[in-house]
Amino acid sequence: MRTDNEEGIIYLELMIGLILVLAVVLGVAQLYLISWHRLQHEVIATEILMGPQEGSIYFDEVNNTFKKLDSSERSPVTPDSYLAQMAKLFRSRKPDESYAMIIGLEYLLIDPETGVVVENPSPESSVYIIESGLEARCSSDGPELENTIRNFAASKLQVAYDYSNTNYSGQVSSDAGRVGSKLYDVYIGEQRVRKYINLFPVVFFRICSTVDQKFIRSDVTTNHFIIPRIHLK
Amino acid sequence: MPGSQSGVSILGLAIVLPFVLLLVLAGYDLLHVYQVRVFAQEVSLLTAKLSHSASPDADIPSSAEFFVNPTPGEEESVTQRRRDYWVERTSPENEEYRGVPYYTDKELQVLNLGYGYLSSFSSKISFPIPNRVVDERRLYKRTNCTIDFTIKEILAASIETNHNYSRLVYVECHVPLLVFEILNFVEKPYIELTQSAFAFESGDLNPSSSVVAP
């Protein structure tokens with residue numbers, strides 16, 4: 001015959017066991033929901049990469065140079081409209097209203113003769129915050145997220161700058177360190193001549209969303225950067 | 001230990017074990033659904049990527065009816081209903097008709113690679129999901145999936161073969177359930193899930209050539 005104390009211990013063990021099982025179930029559910037949101041972020045990023053890819057630089061016929069598009073320039077595509085197209089795609093593909101995106105367009109300055117990054121880059125372009133709805137909780141910290149995307153862009157641009165300048169050897173036969181988009185690569189007699197576009201655009205964006213289920217609430221944020229396909233070698 | 005206590009312990013075990021078994025099987029159901037959901041998303045994304053190619057590196061099937069993988073031992077009528085999925089989309093008299101040039105050589109190559117990727121995940125996935133199957137319980141012992149795409153702007157009467165269309169590739173799967181069906185938690189013996197990926201301006205529907213986005 002069990003005593004009252006023994007019965008009490010059994011109930012206590014049962015309760016501890018149930019709480020542990022519940023904690024494990026909730027933990028697994030949270031991991032699942034967060035990993036699912038991360039996968040959705042990657043899907044959206046890939047769709048954007050496959051999406052609107054209009055050129056973001058143009059050829060200035062007067063000065064014979066390539067220039068960064070500006071809203072004041074006469075051109076079919078400006079950086080604003082380029083990013084707006086991406087925003088439109090994001091809005092049409094977001095799985096729910098908790099999704100938001102912060103997006104910025106940056107440029108590496110390229111030596112047209114060598115293809116090497118010539119200036120230590122510092123992000124300076126406008127950053128666009130694209131909210132998909134009032135429930136996009138993670139977009140409420142706008143300035144903080146804006147700084148985060150600038151820091152992310154700065155770190156990636158710095159990597160490109162370091163890679164380019166560390167690996168460029170100056171040898172005509174070597175492509176190492178030449179990261180610019182090539183305009184032409186020809187031999188004139190014995191001499192090899194290359195020409196590169198003097199701007200290299202990179203799009204940085206940050207997608208955030210909120211997992212919001214009973215007992216589980218968590219913000220999921222991922223950083224991405226893409227090079228417009230037109231500039232890939 | 002007195003005999004009565006031993007009996008109570010065995011009885012307790014007999015009561016608890018079925019619940020433990022149900023929990024394990026429920027976990028299996030949920031993991032299976034998660035696994036198929038993730039994979040459906042991967043397949044749709046890969047197929048959308050392939051849609052951007054002007055000439056995917058794959059054999060060109062003679063028609064869309066090539067994409068049929070029946071469940072071993074299933075009735076011929078069910079297999080025919082799988083074929084009907086494609087027949088309905090390529091027959092002008094059917095309301096599901098998509099237009100003559102809809103499944104061009106390029107689209108067939110893309111679907112060939114997409115279904116190949118699906119089969120590489122598991123050869124036990126049957127496709128496509130058959131139309132109007134009467135005995136669903138017999139059919140859904142295995143996962144059934146369909147890969148297809150839609151073009152929103154398109155109508156059968158107004159296809160512009162040289163227009164650069166955007167495609168929405170989707171993968172629809174019916175995943176069989178064990179415990180949730182036994183416990184009668186679900187109306188059907190399977191769970192339906194659909195994942196999609198968007199291929200922005202991924203080429204025309206010209207049967208002889210395909211224009212891809214710049």
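This is a short walk through a two-chain model, taking chain A, then chain B, then the place where they touch. Keep in mind that the model is predicted.

Okay, chain A to start with. Chain A has three helices and eight strands. If you trace the chain from the N terminus, the elements come as α-β-β-α-β-β-α-β-β-β-β. Of its 233 residues, 28% count as buried. And if you take contacts between residues at least 6 apart in sequence, 65% of those in chain A join residues at least 24 apart.

Now slide along to a hairpin in chain A. Strand β5, residues 182–188, pairs with strand β6, residues 191–196, in the antiparallel sense, and six bridges hold that pairing. To find your place in the pair, look for A:Tyr184, which stands opposite A:Lys195 in β6(A). Two residues sit between the strands of this hairpin, and A:Gly189 takes a positive phi near 65° there.

You'll find A:Phe215 in the loop between β7 (199–213) and β8 (216–226) of chain A. So is A:Phe215 buried or exposed? A:Phe215 counts as exposed, because it has 8 C-beta neighbours inside 10 Å, and the cut-off for exposed is 12 or fewer.

Chain B has 214 residues, and buried residues make up 35% of them. For contacts between residues at least 6 apart in sequence, 72% in chain B join residues at least 24 apart.

The three strands make an open sheet, in the order β1-β2-β3, with antiparallel pairing. At the edges are β1 (144–150) and β3 of chain B, each pairing on one side only. From one strand to the next, the twist averages 15°. Zooming in on one of those pairs, β1(B) and strand β2 (residues 167–176) of chain B run antiparallel and are joined by seven bridges. Within that pair, B:Ile147 stands opposite B:Val171 in β2(B).

Next, helix α3 of chain B, residues 105–121. Its 17 residues reach 25 Å from the first C-alpha to the last, close to the 24 Å expected at 1.5 Å a residue. Quite a list of residues is buried in α3(B), including B:Leu108, B:Val110, B:Leu111, B:Tyr115 and B:Leu118.

Leaving aside neighbours within four places in sequence, B:Cys145 is in contact with B:Ala40, B:Leu118, B:Ile125, B:Phe127, B:Ile129, B:Val171, B:Glu172 and B:Cys173. Which members of the largest nonpolar core touch the most other members? That would be A:Ile103 and B:Cys145, out of 69 residues in that core.

The peptide bond from B:Phe127 to B:Pro128 is cis, with omega near -15°. B:Pro128 is in the loop between α3 and α4 (136–139) of chain B.

There's also B:Glu201, a residue other than glycine whose phi is positive, near 40°. B:Glu201 is in the segment after β3 of chain B. B:Glu201 counts as partly exposed, because it has 19 C-beta neighbours inside 10 Å, and buried would need 20 or more.

Last stop, the contact between the chains. How many residues does each chain give to it? Chain B gives 13 residues and chain A gives 12 residues. On the chain B side, the elements giving two or more residues are α1 (3–51) and β3 (190–199). The most comes from α1(B), with six residues. As for the kinds of residue on that side of chain B, there are 10 nonpolar, two polar and one charged.

Key:
Residues numbered from 1 in each chain as written. Chains lettered and ligands numbered in written order. Predicted model: local features only at pLDDT ≥ 70, side-chain atom pairs only at ≥ 80, totals over all residues. Contact = placed C-beta atoms within 7 Å. Helix = DSSP H or I, 4+ residues; strand = E, 2+ residues; numbered from the N terminus. Nonpolar A, V, L, I, M, F, W, Y, C, P; charged D, E, K, R; others polar. Pairing = 2+ DSSP bridges. Axes fitted to C-alpha atoms, helices over the stretch in contact; angles between N-to-C directions. Expected span 1.5 Å × (residues − 1). Core = buried A, V, L, I, M, F, W, Y, C linked by C-beta atoms within 7 Å.
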